[in-house]
Amino acid sequence: MSLRNNRAVLLAAAASVLLVAGLALALLWAPEDADQGFSQRIFYVHVPIALTAYACFGWGAWKALRLLWTRESRYDLESYTAVHMGVIFGILTLVTGSIWAKISWGVWWTWSERQLTLFLVLFLFYCAYFMLRFSIEAGPRRANLSAVYALFGVALIPVSFLAIRLAENFIHPVVFTRDGPQMSGSMFLVFCICLGAMLALFASLYTNELTGKRLDARLRELREALE
Amino acid sequence: MTYFADVAALARKDILLELRSRDTLPAMLLFVVSALVVFHFSLPSDASATASTGLLWIALLFTALLGLARAFSAEREQRVLDGLVLAPCDRSAIWLAKSLGVLAFLGVAEVVALPAYGLFFEPVGWELVAAVVLADLGLAAVGTLLAAMAAASRARELLLPLLFLPLVIPVVVGGVGATVADDPGRYLGFLALYDVIFAILSWASFEYVVAE
Amino acid sequence: MTTSEKYVTGAYLVVLAVVLLYVVLYSFKLSRLEREVAALAELAERRKAA
């Protein structure tokens, strides 16, 4: 137990350090972008958060696969927690992306921003994940169904992305073009630090959340044993 | 080859049940035609071909949902699903049989829907037919699995559309694209890709969905 | 501050706010867990006494 505790503390410390350093560097040290000016700095939070959300869903799908493979029930909790984190980071992606759209093009939403559209589809998909979980009694059935659904989710990511690219040709002509940030060396460094920070944040929150849920489960067992 | 014999037997059972009770298929046919009529009134008079194509695909999606909602209802009502699962056949055979049944019903619905669409809106080209065929495969594959999931939950009819719609967005893109774009081949290829990926995934994971 | 600077700051603040909100919600959960442990400890005491 103490080993697990140490890991949680270490992760939290690492996340804090990386996050503070990353955001400070992003706001103060990173060079100003030639084309977009100060507003380009939002990129240092938006993209790392988006990538972390993908990592969360991927991690959740991996745990789901382990569940179906080994039938050990602990993977259900781990998969669920990862998907839960993924949705939180997903919401953050949509919000920061919306702010980016407002800065860049003056609108709070645009369908021509592929990442945003993809995240909207995924957000809907994983919200349905929660509806699925809440409508089934706890047990191996719920664990199996959630796991299969989480696997479908990661299959959906590339397929949806492809679909959105194809859809652009007939739904909305790409009005808003944006060059992918041509990153200089120092920009890339700051980006990597921020990415590491977000991933560390995910790892830290994930560990805490998981511990909390496991405690919940054990307390329930204890209560049943004592009553 | 008992696998395919099982599949054939199960599929035959579903189709025979439907032919005798005649509840799902007429509902689907009536629904799709009514939906098309509603769309006529909801579209502005200068609506483009793309708009009416889009609405056709929406009509097809919801008709599929209607059919899928009933896919496992018969089993549930008589607790036959437990019996099926205990039967000495590969669980994925159940999925395949159900999907074929759903595919058959969708096909019949479209035999009515496409001419109706051609009558009310735009003439129907070969790309639309090809797209519909490919889309049906994907919808049946994914829908059957999701219907089994929804059948296991308390929320059932409420849950199936929520699970279904996000997953079939790519099908809508492929279908509409194949109909209106200059190069339908790309979209038809995409639909085929979707079918392959999700059919394999559904086939492989079905046994975990119905297991206890 | 220009408009774009305000929006960028807003985005960073949103991220901070969500993380802090998470911390707050988590502390609620922890206090609930504490209460549960206390209740169970009492149950165990009663069991021992009986």
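Predicted model: local features only at pLDDT ≥ 70, side-chain atom pairs only at ≥ 80, totals over all residues.

Guide: We may begin with burial: in chain A, which has 227 residues, 44% are buried.

Visitor: How many helices and strands are there in chain A?

Guide: Secondary structure is read by listing the elements in order. Chain A has 6 helices and 0 strands, and its pattern along the sequence is α-α-α-α-α-α. The C-alpha trace of chain A spans about 65 × 45 × 25 Å along its principal axes.

Visitor: Of the contacts in chain A between residues at least 6 apart in sequence, what percentage join residues at least 24 apart?

Guide: Within that set of contacts in chain A, the share joining residues at least 24 apart is 78%.

Visitor: At what angle do helix α6 and helix α9 of chain B pack?

Guide: A helix pair is described by its angle and by the separation of the axes. In chain B, helix α6 (residues 91-120) packs against helix α9 (residues 184-210) at about 115°, and their axes are 8 Å apart. Angles of 65 to 115 degrees count as roughly perpendicular, so α6(B) is roughly perpendicular to α9(B). The crossing of these two helices, α6(B) and α9(B), is right-handed.

Visitor: Which residues make the contact?

Guide: From α6(B) come R91(B), S92(B), I94(B), W95(B) and L96(B), while α9(B) supplies S202(B), W203(B), F206(B), E207(B) and V210(B). Sorted by class, the contact of α6(B) with α9(B) comprises 6 nonpolar, 2 polar and 2 charged residues.

Conventions
Residues numbered from 1 in each chain as written. Chains lettered and ligands numbered in written order. Helix = DSSP H or I, 4+ residues; strand = E, 2+ residues; numbered from the N terminus. Buried ≥ 20, exposed ≤ 12 C-beta atoms within 10 Å, placed from the backbone. Contact = placed C-beta atoms within 7 Å. Axes fitted to C-alpha atoms, helices over the stretch in contact; angles between N-to-C directions. Parallel < 35°, antiparallel > 145°, perpendicular 65-115°, else oblique. Left-handed = near helix turned anticlockwise from the far one by under 90°. Nonpolar A, V, L, I, M, F, W, Y, C, P; charged D, E, K, R; others polar.
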